[in-house]
Amino acid sequence: MNNYTISGSPHVHGGESTKKIMYSVIIALMPAFLFSIYYFGFSAVRVTLIAVAACVLTEWLIQKFLIKGECTIGDGSAIITGMLLAFNLPSNIPAWMIIVGSIVAIGIGKMSFGGLGNNPFNPALVGRVFMLISFPVAMTTWPAPQPLFGSQIDGFTGATLLGYVKEGLAKGVSASELTVYENIEPMIYSGSLGEIGSIAIIIGGLFLIFRKVIDWQTPVIIIATAGIIATVCWLIDPTQFVHPMIHIFGGGMMLGAFFMATDMATSPMTMKGKIVFAIGIGALTIIIRIWGAYPEGMSFAILIMNAFVPLINKMCKPSRFGNPVKQ
């Protein structure tokens, strides 16, 4: 007679799989991707395809020749890493830099820890921060918006909305003068692929919430925390701090809140832990933006809080199934 070892209850089966979840995220990224094509033309397609192809190929090569394990490129996670990395890049960045960033994102940010589910840091952000430090000029050379079928984009060393505000405040210009619409209008449409389509990103995020791929609390708390801190600063001194809406809809706030901070492998397990995690990201983002050296702080904030996830999980342990006896 065969003996079977059965684990303890509860026995719960869900219809979701890693592949289904990953491709749901890819679908959710489509509105922002299409929006970036509308503004930057085929340059947005070029950056995204190179990043996705480089990420998938890097993962396959590492699994084939180094790990020599089961090939997992079909689960869609490498595609997501490539898309998210592309969304953090300007549309005129050279192809070889995209490839280097993709290799770092997959090779160092993901596969060096054992692959999907074992990585402590968001791989796309690892690649993005590496590129920002290694290629600062290329990563801050922002092209002018171009219609889909327009002429080739000519890059110019300009500033994004947050960069423009940061530079102006450093020169002693008041925040109220900087944020006159006529002054900030050119910067609203400048930035990385995922920086200019907040509404499209929100639509994708709502799709993931509706599909129950992500929880709504994490992005809402991140945005609310950032908004509250930015509002308090603005109320204290509107000449030195810009309107909170600029922080909420400017930069990578929406992309980070909906698609990067909600990464299952790099975020806490419990709801209490996720709340602590989200508050930390929102607060650090505004602190870096206002008092730090960089105009954008979302990437650094998420990576910093990724490092605290093991500690957060230890402090915010879930209750045992049933009615635990208090010691």
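Two rings of Phe, Tyr or Trp count as a pair if their centres lie within 6.5 Å. With that cut-off, ring pairs link Phe35, Tyr38 and Tyr39 into a cluster. Keep in mind that this is a predicted model.

**Exercise 1. Work out how the rings of Phe35 and Tyr39 are arranged, and where the two residues sit.**

Step 1: Start with the description. A pair of aromatic rings is described by the distance of the centres and the angle of the planes.

Step 2: Check the numbers. The centres of the Phe35 and Tyr39 rings are 5.0 Å apart and the planes make an angle of 55°, so this pair is tilted. Planes under 30 degrees apart would count as stacked and over 60 as edge-to-face.

Step 3: Find them on the chain.

Step 4: Phe35 is partly exposed, at a relative accessible area of 29%, while Tyr39 has 19% and is buried. The cut-off for buried is under 20%.

**Exercise 2. Classify the ring pair of Trp60 and Phe65, and say how exposed each residue is.**

Step 1: Here the centre-to-centre distance is 6.2 Å and the planes stand at 90°, which makes the pair edge-to-face.

Step 2: Trp60 has a relative accessible area of 33%, so it is partly exposed. Phe65 reaches 52% and is exposed, as the cut-off for that label is over 50%.

**Exercise 3. Find the partner of Lys110 in a salt bridge, and decide which parts of the chain the pair ties together.**

Step 1: Recall the idea. Side chains of opposite charge can pair when their charged atoms come close.

Step 2: The partner is Glu59, with 2.7 Å from N to O.

Step 3: Lys110 is in the loop between H4 and H5, whereas Glu59 is in helix H2, so the bridge ties together parts 51 residues apart in sequence.

Step 4: Are these two residues buried or exposed? Lys110 is buried at 2% relative accessibility, and Glu59 is buried at 0%.

**Exercise 4. Now try the salt bridge of Lys274 and Asp215.**

Step 1: The closest N and O atoms of this pair are 3.2 Å apart.

Step 2: Lys274 is in helix H14 (residues 271–291), and Asp215 is in the loop between helix H10 (198–210) and helix H11 (217–236). With 59 residues separating them, the pair links distant parts of the chain.

Step 3: Both ends get the buried label: Lys274 has 19% relative accessibility and Asp215 has 16%.

**Exercise 5. Compare the reach of helix H4 with its expected span, and find out what covers its buried residues.**

Step 1: H4 (residues 95–108) has 14 residues. From first C-alpha to last, the helix reaches 19 Å, close to the expected 20 Å.

Step 2: Its buried residues include Met97, Ile98, Val104 and Ile106.

Step 3: Among the elements covering the buried residues of H4 are helices H2 (42–67), H3 (77–87), H5 (123–134) and H6 (136–139).

Technical notes:
Residues are numbered from 1 along each chain as its sequence is written. This is a predicted model: local features need pLDDT of at least 70, side-chain atom pairs count only at pLDDT 80 or more; totals for chains, interfaces and linings use all residues. Side-chain values use heavy atoms; hydrogens and water are left out. Helices (H or I, at least four residues) and strands (E, at least two) are DSSP runs, numbered from the N terminus. The expected span of a helix is 1.5 Å times one less than its number of residues. Buried means under 20% relative accessible area, exposed over 50%, partly exposed in between (1.4 Å probe, protein chains only). Contact means heavy atoms within 4.5 Å. Rings of Phe, Tyr and Trp (its six-membered ring) pair if their centres lie within 6.5 Å; planes under 30 degrees apart count as stacked, over 60 as edge-to-face and the rest as tilted. A salt bridge is a side-chain nitrogen of Lys or Arg within 4 Å of a carboxyl oxygen of Asp or Glu.
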